[in-house]
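Walk through this structure with me, from one loop to the core and then out to the charges. Keep the model open as you read.

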Amino acid sequence: MAVTKEQVIDYLSNMTVMDMADLVKELEEKWGVEAAPAVMAGAMPAAADDGGEEEEEQTEFDVVIKEVGKKKIKVIKAIRQMTSLGLKEAKNMASADSVVKSGIAKEDAEKAKKVLEEAGATVELK
C-alpha cells in the first residue's frame, strides 16, 4: 500500500519538535546530506584584499544555553515564548548546552540571548 503525500504531512504535523529533530538527524545520516540552507554564491560583497587571510563575517548564529541558573521556570517560559514549544519540550531544552535557536541573524540571536539572560540563564552565541 502506497502512502500519500497528505498522509505523510498529517503524520509529521502530529510530531513533537524533539521527535522531528531526531527524524531529521536520522534522515541526514541515512541519505548522507545536511539539512542546512543553501548559501548563494555572490550574494555577499567581496571583502577588500589586504594580502592576508580573509575571515568571513559570521551571519548565522546559534543561541546556546550554557547554564540554566536558579530560575529554571522563568527560563522554560522564555523558551516557550521564543519557540512556541510545548511545556515538555521547553523543559527538556532548559538544560546546559541546549541550542534554543539555530541559524538566526545576529540581531535576532542577541534579542533571544537577552530574553534568556533576563530569565536567569547563562547564554552563549555561536
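Aspartate 97 lies in the loop between helix 4 and strand 2. Helices (H or I, at least four residues) and strands (E, at least two) are DSSP runs, numbered from the N terminus. Aspartate 97 has a positive phi of about 65°, although it is not a glycine. Its relative accessible area is 53%, so aspartate 97 is exposed. Buried means under 20% relative accessible area, exposed over 50%, and partly exposed in between (1.4 Å probe, protein chains only). The areas come from the Shrake-Rupley method with a 1.4 Å probe, and for residues only the protein chains shown count as cover.

A word on the model. It is predicted: local features need pLDDT of at least 70, side-chain atom pairs count only at pLDDT 80 or more, and totals for chains, interfaces and linings use all residues. Residues are numbered from 1 along each chain as its sequence is written, and side-chain values use heavy atoms, with hydrogens and water left out.

Serine 84 also has a positive phi of about 65° and is not a glycine. This serine sits in the loop between helix 3 and helix 4. Serine 84 counts as exposed because its relative accessibility is 67%.

Now the whole chain. It has five helices and three strands. From the N terminus on, the order is α-α-β-α-α-β-α-β. Of its 126 residues, 19% count as buried.

What does the largest nonpolar core hold? It has 21 residues, and Val63, Ile65, Val75, Ile79, Val100, Leu116 and Ala121 touch the most other members. Two or more residues each come from strand 1 (61-67), helix 3 (72-83), helix 4 (87-93), strand 2 (98-104) and helix 5 (106-119). Helix 3 gives the largest share, five residues. A nonpolar core here is a set of buried Ala, Val, Leu, Ile, Met, Phe, Trp, Tyr and Cys residues joined through side-chain atoms within 4.5 Å. In soluble globular proteins, nonpolar side chains tend to be buried together.

Take isoleucine 65. Its place is in strand 1. Its relative accessible area is 0%, so isoleucine 65 is buried. Isoleucine 65 and alanine 94 are 29 residues apart in sequence, yet 7.5 Å apart in space, C-alpha to C-alpha.

Next, the charges. How many salt bridges does the structure hold? There are five. Each is a side-chain nitrogen of Lys or Arg within 4 Å of a carboxyl oxygen of Asp or Glu. Glutamate 124 and lysine 66 form one through their side chains, at 4.0 Å, N to O. Glutamate 124 lies in strand 3 (residues 122-125) and lysine 66 in strand 1, so the pair ties together parts 58 residues apart in sequence. Glutamate 124 also meets lysine 126 in a salt bridge, at 3.7 Å, N to O. Salt bridges link Lys66, Asp97, Glu124 and Lys126 in a network, which brings back the loop aspartate between helix 4 and strand 2.

Another pair is glutamate 107 and lysine 111, at 3.5 Å, N to O. Both lie in helix 5, four residues apart, about one turn of the helix.

Finally, Asp19, Asp22, Glu26 and Glu29 form a negative surface patch. Patch residues have over 30% relative accessible area and no salt bridge; like charges are joined within 9 Å, and nonpolar side chains (Val, Leu, Ile, Met, Phe, Trp, Tyr) within 5 Å. Aspartate 19 lies in helix 2 (residues 17-31). At a relative accessible area of 40%, aspartate 19 is partly exposed.

How values were computed
Lys, Arg positive; Asp, Glu negative; His and termini not counted. Charge placed at Lys NZ, Arg CZ, Asp CG, Glu CD.
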